[in-house]
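Trainee: I have a model open and want to learn to read it feature by feature. Where do we begin?

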Amino acid sequence: MGKVIECNHPLIQHKLAILRDIQTGAKDFRELVTEISMLMGYEVTSDLPLEEREITTPMGPAKVHMISGKKVGLVPILRAGLGMVDGFLSLIPAAKVGHIGLYRDPATFKPVSYYCKMPEDIQSRQIIVLDPMLATGGSAIDSVSELKKMGVTSIKVVNIIAAPEGIEALTEAHPDVDIYVASIDERLNDHKYILPGLGDAGDRLFGTK
Ligand code: PRP
Ligand code: URA
């Protein structure tokens with residue numbers, strides 16, 4: 001069964017408080033999403049396997065530990081997931097990045113797919129799906145399903161804010177996937193927006209409203 005990991009570090013919670021504030025403009029919003037993503041990335045990568053290697057320091061031979069195993073792939077869900085990429089890349093600069101384009105139909109709230117471009121070796125990578133918001137869970141569920149169809153077997157999902165409804169739906173649809181969140185909020189409103197949430201993440205990142 002997949003785990004739900006809440007990233008409660010005080011720096012994450014402090015930055016998230018500012019992120020939610022209606023007074024926070026697009027420039028600060030983008031910077032905060034990057035910083036929160038980097039801090040969450042520390043937790044998300046904490047179980048990467050290590051292997052022993054032997055190197056030579058100026059003082060002589062030394063046994064050291066370096067990351068081994070599967071290479072990492074980052075998959076932001078467009079648009080808002082793009083805001084989380086730089087924070088993760090600053091920790092894992094060699095990661096390849098695939099993109100999934102989905103928008104939520106405003107009438108049905110169901111995700112509509114419009115773009116997908118993945119690295120060629122996607123199936124052999126540890127995939128980290130990035131999206132600041134997990135509301136109904138539809139976008140994340142479809143993204144994970146697409147990745148599994150491509151042969152991907154190791155997937156984590158990272159959201160800054162999640163609704164309980166989204167967590168329940170995603171864990172039911174994909175019980176093998178671990179979910180990392182900075183906050184599990186109260187609930188969805190009638191328009192399937194997260195309360196208290198932060199509003200529309202894509203619009204706040206890119207200043208489109
Ligand atoms: C938002 C958000 C998620 C999705 C979450 O994207 O970034 O992708 O909604 O909702 P769900 O869990 O109910 O599927 P949106 O559809 O607004 O597209 P955008 O990022 O292009 O603005
Ligand atoms: N998408 C967002 O950007 N915000 C929400 O609260 C729900 C879906």
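Trainee: Where is T45 found?
Mentor: T45 sits in the loop between α2 (26-44) and β2 (50-57). Helices (H or I, at least four residues) and strands (E, at least two) are DSSP runs, numbered from the N terminus. This is a predicted model: local features need pLDDT of at least 70, side-chain atom pairs count only at pLDDT 80 or more, and totals for chains, interfaces and linings use all residues. Residues are numbered from 1 along each chain as its sequence is written, chains are lettered from A and ligands numbered from 1 in the order in which they are written, and side-chain values use heavy atoms, with hydrogens and water left out.

Trainee: Is T45 buried or exposed?
Mentor: Start with the cut-offs. Buried means under 20% relative accessible area, exposed over 50%, partly exposed in between (1.4 Å probe, protein chains only). T45 has a relative accessible area of 19%, so T45 is buried.

Trainee: What does the side chain of T45 reach?
Mentor: A polar contact is a pair of N or O atoms within 3.5 Å; within protein, one must be able to donate a hydrogen and the other to accept it, and residues adjacent in sequence count only if both atoms are side-chain atoms. Here the T45 side chain reaches the backbone oxygen of Y42, at 3.3 Å.

Trainee: Next, a strand. Why is β8 called largely enclosed?
Mentor: Count its buried residues. In β8 (residues 126-130), 5 of the 5 residues are buried, so the rest of the structure largely encloses this strand.

Trainee: Which strands pair with β8?
Mentor: Two strands pair if DSSP finds at least two bridges between them. β4 (residues 72-78) pairs with β8 in the parallel sense over 5 bridges. L74 stands opposite I128 there. β10 (residues 154-162) also pairs with β8 in the parallel sense, over 5 bridges. V158 in β10 is the bridge partner of L130.

Trainee: How do I read a nonpolar core?
Mentor: In soluble globular proteins, nonpolar side chains tend to be buried together. A nonpolar core is a set of buried Ala, Val, Leu, Ile, Met, Phe, Trp, Tyr and Cys residues joined through side-chain atoms within 4.5 Å. The largest one here has 34 residues, and those with the most contacts inside it are L19, M40, I128, L130, V158 and I160. Elements that each supply at least two residues include β4, β8 and β10. α2 gives the most, with 6 residues.

Trainee: What surrounds ligand 1?
Mentor: A residue is near a molecule if one of its heavy atoms lies within 4 Å of it. For ligand 1, 15 residues surround it, and the closest are R104, D131, T136, G137 and S139. Now the polar atoms. A side-chain atom of D131 lies 2.4 Å from a ligand 1 oxygen. For a T136 side-chain atom, the distance to an oxygen of ligand 1 is 2.6 Å. A polar backbone atom of R104 is 2.8 Å from an oxygen of ligand 1. The protein covers 91% of the 490 Å² of accessible area that ligand 1 has on its own. Such areas come from the Shrake-Rupley method with a 1.4 Å probe; for residues, only the protein chains shown count as cover.

Trainee: And which residues surround ligand 2?
Mentor: Among them are R104, M133, K192 and Y193. Backbone N or O atoms make the contacts here: I194 lies 2.8 Å from a ligand 2 oxygen, and G199 lies 2.8 Å from a ligand 2 nitrogen. A backbone N or O atom of A201 is also 2.8 Å from an oxygen of ligand 2. Of the 240 Å² of accessible area that ligand 2 has on its own, the protein covers 88%.

Trainee: Which backbone angles deserve a second look?
Mentor: Most residues other than glycine have a negative phi, and most peptide bonds are trans. K192 is not a glycine, yet has a positive phi of about 65 degrees. K192 lies in the loop between β12 (187-188) and β13. F109, not a glycine either, has a positive phi of about 65 degrees. For cis bonds, look at L78 and R79, with omega about 0 degrees. Another cis bond joins L195 and P196, with omega about -5 degrees.
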